[in-house]
Amino acid sequence: MSNFYEMNIAGLKRQLPICSVNEHLDIAAFIIFGDVELTVAAAAELIKKVGEFDVIATPEAKSIPLAYELSRQSGKPYVVARKGTKVYMKDPISVNVTSITTQHEQHLYLGQDEVKLLDGKKVLIVDDVISTGESLDAMKTLIKNAGGSISDCCAVLAEGDAANRDDIVFLEPLPLFFK
């Protein structure tokens with residue numbers, strides 16, 4: 001197998017590096033950081049596919065540029081569920097999550113300013129890649145606990161079995177590479 005997996009995303013060709021998760025599984029790593037061209041194009045394509053929303057929410061960190069660009073293009077605000085509390089966060093709410101790329105339990109936090117922004121609003125959940133759905137489920141719980149309702153869940157890529165889900169919006173499927 002080559003060290004890269006080539007794919008077309010939002011009309012742009014990209015080579016994703018193949019990375020080992022464990023002795024049985026490799027993934028093609030999708031890193032949107034620094035790829036402004038792809039971020040802008042992916043946001044434009046996702047906006048065409050999702051329904052109406054009031055606020056965008058994303059987990060920290062890789063999908064922040066995408067959330068920002070969706071916010072810029074749609075004119076809607078966005079919030080970031082942080083992986084740790086910050087001194088400026090008043091009475092944060094949190095959920096636990098374990099994802100395929102972090103491989104250990106993490107927490108996602110929203111401060112009361114973000115909770116107020118989400119309360120009573122239709123929220124678009126945004127991520128770079130949806131794989132096992134663990135991060136997505138954590139975000140859904142966090143938004144519901146903040147009083148928001150989920151309008152849509154979207155990502156640039158749906159990895160592995162996530163591509164068969166009918167409850168997410170995505171641009172391209174991304175295979176898993178079993179050894």
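Colleague: What makes Arg 14, Asp 35 and Glu 37 a network?

Modeller: In this predicted model, Arg 14, Asp 35 and Glu 37 are linked by salt bridges. A salt bridge here requires a side-chain nitrogen of Lys or Arg within 4 Å of a carboxyl oxygen of Asp or Glu. By this rule the count comes to eleven salt bridges.

Colleague: Why is the contact of Lys 13 with Glu 6 called a salt bridge?

Modeller: The closest N and O atoms of Lys 13 and Glu 6 are 3.8 Å apart. The cut-off is within 4 Å, so the pair is called a salt bridge.

Colleague: Are Lys 13 and Glu 6 buried, partly exposed or exposed, and how do you know?

Modeller: Exposed means over 50% relative accessible area, and partly exposed lies between that and the 20% limit for buried. Lys 13 has 58%, so it counts as exposed. Glu 6 has 43% and is therefore partly exposed.

Colleague: What makes Glu 45 and Lys 48 a pair within one helix?

Modeller: Glu 45 and Lys 48 are three residues apart in helix α1, which means a separation of about one helical turn. Their side chains meet in a salt bridge, with 3.0 Å from N to O. Glu 45 is partly exposed at 30%, whereas Lys 48 is exposed at 64%.

Colleague: Why do you say that Arg 82 and Glu 60 tie parts of the chain together?

Modeller: Arg 82 forms a salt bridge with Glu 60, the closest N and O atoms being 2.8 Å apart. Arg 82 lies in the loop between β5 (78–81) and β6 (93–98), and Glu 60 in the loop between β4 (55–59) and α2 (64–74), so the pair ties together parts that are 22 residues apart in sequence. Both Arg 82 and Glu 60 are buried, a term that requires under 20% relative accessible area.

Colleague: Which residues of α2 are buried, and what covers them?

Modeller: The buried residues of α2 are Leu 66, Ala 67, Glu 69, Leu 70 and Ser 71. Their cover includes α1, β4, β5, β8 (122–130) and β9 (149–159). Just after α2, Gly 75 takes a positive phi of about 80°.

Colleague: Which residues does Tyr 78 touch?

Modeller: Leaving aside residues up to four places away in sequence, Tyr 78 touches Ile 56, Ile 64, Ala 67, Tyr 68 and Ser 71. Touching requires heavy atoms within 4.5 Å. Between Tyr 78 and Ile 64, the C-alpha atoms are 9.2 Å apart in space, and the residues are 14 apart in sequence. Tyr 78 sits in strand β5. Its relative accessible area is 30%, so Tyr 78 is partly exposed.

Colleague: Which residues have a positive phi although they are not glycines?

Modeller: Among them are Ala 10, with a phi of about 55°, and Asp 91, with about 45°. Ala 10 lies in the loop between β1 and β2. Asp 91 is found in the loop between β5 and β6, and at 62% relative accessible area it is exposed.

Colleague: What makes β1 and β11 edge strands?

Modeller: Each of β1 (4–9) and β11 (177–178) pairs on one side only. The open sheet has four strands in the order β1-β2-β3-β11, with antiparallel pairing.

Colleague: How do you know that β3 pairs with β11?

Modeller: Pairing needs at least two bridges between the strands, and two join β3 (residues 25–28) to β11, so they pair. The bridge partner of Leu 25 in β11 is Phe 178. Helix α1 (residues 36–49) packs on the sheet, touching β1 and β2 (12–22), and its direction makes about 100° with that of β2.

Colleague: How do you know that the radius of gyration agrees with that of a compact globule?

Modeller: With 179 residues, a compact globule would have a radius of gyration near 16 Å, and the protein has 16 Å, so the two agree. Along its principal axes the C-alpha trace spans about 50 × 35 × 30 Å. Buried residues make up 47% of the 179 residues. Of the contacts between residues at least 6 apart in sequence, 60% join residues at least 24 apart.

Definitions and conventions. Residues are numbered from 1 along each chain as its sequence is written. This is a predicted model: local features need pLDDT of at least 70, side-chain atom pairs count only at pLDDT 80 or more; totals for chains, interfaces and linings use all residues. Side-chain values use heavy atoms; hydrogens and water are left out. Axes are lines fitted to C-alpha atoms, for helices over the stretch in contact, and angles run from 0 to 180 degrees between N-to-C directions. The radius of gyration is taken over C-alpha atoms; the globule rule is 2.2 Å times the number of residues to the power 0.38. Buried means under 20% relative accessible area, exposed over 50%, partly exposed in between (1.4 Å probe, protein chains only).
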